[in-house]
Amino acid sequence: MPERRSLAHRLRPVLPLALLVVLPLLLDSFSLYQATMILIYVTAIIGLDIVFGRAGVLSVAQAVFIGIGAYAAAWMSRTTAVSIGVELVVAAAIAGVAAIVVGLPALRVSGLRLAILTFAFVELFQWVLTTFASVTGGTQGLRVNPGGFGAITTADPMVGYWLAAAIAVLATWLVIRLRRNPIGRAMAAVKSSNLLAESVGVSTVRTKLTAFMLSGMLGGLAGVVLAHVAGSVTPAGFTVFSSLDLLVALILGGTGRVHGAWLGAAYVVLVPEVFARLGIPNAYPVVSGAVLMLLLVALPGGIASVLDRVRDRFRPRGGHTLTPATERSSS
Amino acid sequence: MPRDRWLTGLVATAASLTLLATGCGVQRDEAASGGGASAAPSTCDVNEKSPGVSDTEIHLGVTSGLSGPSASAAKPALDAQQWYFDKVNAEGGVQGRKIKLTVLDDQYQPDVALQNVRRLVDQEQVFAITGGVGTQNFVGGLPYINQAKIPAIAPYAPSNQIGTMENPYVYMLWTNFADEFEALTRFLVEKRNVKSFSIVAMTGDVGDDALAGAKRVLDAAGIEFKTVVRSEPNTTDYRPIAEQLKQANADYVLFLATPPDVGNAITAMQKIGYKPGLGAQSDMLDAGWIEAFGPVAQGLVAPSKLANLETSDDAKVQQWVSDWKAATGKAPTSWNTVGYVQALVTVEALKQAEAPTRSCFEAALQKMNGLETGVIPPITFGPQERQGVRAAGIEEIKGTGTVTEQPFTAIGN
Amino acid sequence: MSELSLLIGGAATGGVYALLLAGILLIYQVSKAVNFGHGQFGMIAAFFSWYLYQQLGLHPVIAILLAVLTAVVVAILFDAFVLQRTSDRQVGSDLVATLGLLLLATAVAENVLGGRTQSYLTLGSRTVLDLGGLALNLSDLITILIALASVLVLSMVRRRTRVGAMLTAVAENRNVAESLGIPSARVRVATWALAAILASVAGVLVASRTSVDAYYMTPFAMKAFIAGILGGLNRFGLPLAFAFGLGVYESFVVYLLGAQAVTPAVFTLIIVVLAFAPRSYLSEGQEARA
């Protein structure tokens, strides 16, 4: 069903993009760093949303793909002089392939069993990082040299910001297109029910593998930017808990909607900051467990659902609010 | 057809990225890649405008693993640090100014440590970073420390990277594990005439360090390890390791692993009736570990970074112990002592600096030659030297405490 | 003789996995949720009892009973007030809820009970029995016996008794079970309580064999989940058998190939089982619900 392309609709992306452009000029160094981190998280969380929120496959391995991207970037920055474009392409490719490998068991198992298996993959990744210390730097990790094109390198924090922003926008665009695309619809069908999907000719396995691949590629891209912005990579940054952070952010923000990823990313970076400013940073881990449970009970659709409800109040009656298939409760 | 358009879009994006990619490679500015050996020795510039210094205050920052697995070490260290700074302030401060301390918890996470360093440098604008406990977290903050060129004094983060000119702004007081194990093995070979060894070393670079250090001594003496066990962090059963060690039947078993793993492994060995001599890294001298595992670890020897607070007759040590007791009513623990030294050296450097600027501060540090604190071996930095201490003593666990088997002795060449 | 020693030691560790897994299976089959925080019920029982007898001076038996009761209460409250209110609405929200439990329990334990590792009551773990030249560790024997007994009793209860039938009915289909007059709410509470008790036993045993802190159960819980993947979360006997077997497998791998080989070896096992098991073995069996 073609959507009405009103002027208002076309202008919709302009405002956020404008904000993105103007923001770095207004922020101080530390806040710029936080904004960059939020953008990196956005890409990573959108990747997770593709495989989990849209295709319904619970994966705890997202940190592995980010880690692969980050370590690939670190290694390339130290041993070669390639531009950051090459780093991004190579990292996305490796991470995408790794994601397909992680997703392969989907050929034979599904559901929670697959989820636990992705848990095991993260442990395997950690094992590889610590055991092959001569290549990966072991527990102390690797220092990352700046990347870029020619004289424009990520040694300049603005460059880091722009990179993160460009990739986040790319990821957002990708996932919006995905929904209207047969692949995206296939994912929604698979999420609803494997049986149903197969019965209408959708290959469950291929759809799930595609979802994994996309999530891996986005994770890899996020990892490259993360490596350059942080300046170093260590195994402690890519553990099961890192994956869980992303999952928490996604669910709190709201799955299946792209602004859910943005909200989740903002939550995960800004809320601990609030606690830090209040002088009680340690309260965050303790409280976050409790707050998480509270939000799940009170706001199952995540923060995005609240915003959606508010927006719906103002939407004119008879509008085409396309309720995404992903939101209908799948039993 | 939408699908074709989508694919086209994807291909187009990939193509443009590739075009960008095949474009110029990246020019890397040498100074940006971590400082390297090109850092010049500091010449004191009294007119330099350094952040964190006002007419009344010198603002210092701490990032440390105050929550998480390192909390039981980091908190006591911070307590002593703060106590010392308060004491100095009560006596009039340093350079005519009071010390203000901003403390941030990095939860033993490298990304949080990086954020903390950024916060300290960009928002709080501190003069220098002092103290801190934990290696994996501190390492995360290193890139920004190098980028911001902010001095960091004595973090308790034993590592083979820190204390080298790779990170010229970090002034290190704590020996790394390679040195520790060299000292330990040398003591056992030369003073106790041990002829056969096995070793349990954690997988990864930390274990590699310990192995390398021990091997320096063993190779020179023509001794080989009977067996080398690489242990994993998520071990659920220590029996197989114990069996392997028992089979090898060395006179002494050396350990480098997390304190709980070392304790559990020793317990497992005892259960199957294998009771060799024991050696481990300095963490095992911590009172908490001895309390938990003392009964099975009697006679364990370890290199010591700190003087034995209970038996030392050094005047400075006894002064520290009595001062702390007077202030808190309790004897100081080893972690308190770590924090005390971290603060002490920071203040000493501030006192010796000709002016409260970063270059003068660093120049003062680099001039330290054999500085005596009593509680740790003498400290010597230099224009190209950032490892201030390369010496250790040897302590043995006896009863609920330790006895000194060897005083502070220099390590290596 | 060391082979036998490894076998017994491995079976004891496997017994711990089995105790944890039994609780996980019960919870999964009745509540349809994988409880990722399950290991922490054991941690609460062990670490809290340590605190009670070591810091407050209570008699160890009383300390353990109180701590186990605490774990049970936490389990029941969690299910009633958090899990049951999230399950149906959003895929994965029950997972996140159990993760919330994991995070909260760990953070609270760390802050209240301390971050340092402590040694626990030995409960026979240092006692060695000599049976005709073979040195057997008492704790190993106790662990194996308790684990086997619990598993067998549970199996029998599930299959042969009315209570077991009620459990299975609620696990199959809660609505139908309720319409048949089965008090599904009470069954659920009983399930969580029982699971927490099993986890507590595991927690205390592990603490007595090694040491205790806020994170010590995590590797054990992970292995229990792996045994669950291998055997299937919808079954009972087979995954528990896998749990025992996994302990023995690991034990021999460490001895023969070194501790570094454990992670890849376990992985290989998972891949092999998943690749070569027949499809019917691997299906979750819950599909026809379009």
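**Close-up 1. B:Cys44 and B:Cys360 are joined in a disulfide, with 1.9 Å between their sulfur atoms.** Like everything shown in these panels, this link comes from a predicted model. It is a covalent bond, since a disulfide joins the sulfur atoms of two cysteines that way. A search over all chains of the whole structure turns up one disulfide. The link of B:Cys44 and B:Cys360 is right-handed, with 75 degrees about the S-S bond. B:Cys44 sits in the loop between α1 (2-22) and β1 (57-64) of chain B, while B:Cys360 belongs to helix α12 (residues 358-367) of chain B, so the bond ties together parts that lie 316 residues apart in sequence.

**Close-up 2. C:His38 in helix α2 (residues 38-55) of chain C.** Here we move to another chain and a single side chain. C:His38 is buried, its relative accessible area being 1%. Which residues does C:His38 touch, leaving out those up to four places away in sequence? The neighbours to look for are C:Leu20, C:Gly23, C:Ile24, C:Ile27, C:Ala195 and C:Ala199.

**Close-up 3. The interface of chain A and chain B, where 52 residues of chain A are in contact with 47 residues of chain B.** About 4,100 Å² is buried between these two chains, and carbon and sulfur atoms give 54% of that area. In chain A, the residues that lose the most area to chain B are A:Phe30, A:Gln140 and A:Arg143, which together make up 18% of what that side buries.

**Close-up 4. A salt bridge between the side chains of A:Glu273 and B:Arg119.** The N to O distance in this pair is 2.6 Å. The count between chain A and chain B is one salt bridge, and eight residue pairs are in polar contact across this interface, both residues at pLDDT 80 or more. On the side of chain A that touches chain B, at least two residues each come from α3 (29-54), α5 (84-103), α6 (111-131), β2 (148-149), α8 (157-180), α9 (182-192), α11 (204-230) and α13 (258-277) of chain A. That side of chain A divides into 23 nonpolar, 23 polar and six charged residues.

**Close-up 5. The interface of chain B and chain C, with about 2,600 Å² buried.** Carbon and sulfur atoms give 51% of this area. B:Thr236, B:Arg239 and B:Lys271 supply 25% of the area that chain B buries against chain C, more than any other three residues. The contact involves 27 residues from chain B and 31 residues from chain C.

**Close-up 6. B:Arg239 and C:Asp140 in a salt bridge.** How far apart are the closest N and O atoms of C:Asp140 and B:Arg239? They are 2.6 Å apart. One salt bridge is found across the interface of chain B and chain C, where eight residue pairs are in polar contact, both at pLDDT 80 or more. On the side of chain B that touches chain C, two or more residues each come from β7 (225-231), α7 (239-248), α8 (259-271) and α9 (287-293) of chain B. The largest share, six residues, comes from α7(B). Eight nonpolar, 12 polar and seven charged residues make up that side of chain B.

Note on methods:
Residues are numbered from 1 along each chain as its sequence is written. Chains are lettered from A and ligands numbered from 1 in the order in which they are written. This is a predicted model: local features need pLDDT of at least 70, side-chain atom pairs count only at pLDDT 80 or more; totals for chains, interfaces and linings use all residues. Side-chain values use heavy atoms; hydrogens and water are left out. A disulfide is a pair of cysteine sulfur atoms within 2.5 Å. Helices (H or I, at least four residues) and strands (E, at least two) are DSSP runs, numbered from the N terminus. Buried means under 20% relative accessible area, exposed over 50%, partly exposed in between (1.4 Å probe, protein chains only). Contact means heavy atoms within 4.5 Å. Buried area is the accessible area (1.4 Å probe) that two parts lose on being put together, summed over both. A salt bridge is a side-chain nitrogen of Lys or Arg within 4 Å of a carboxyl oxygen of Asp or Glu. A polar contact is a pair of N or O atoms within 3.5 Å; within protein, one must be able to donate a hydrogen and the other to accept it, and residues adjacent in sequence count only if both atoms are side-chain atoms. Ala, Val, Leu, Ile, Met, Phe, Trp, Tyr, Cys and Pro count as nonpolar, Asp, Glu, Lys and Arg as charged, and the others, Gly among them, as polar.
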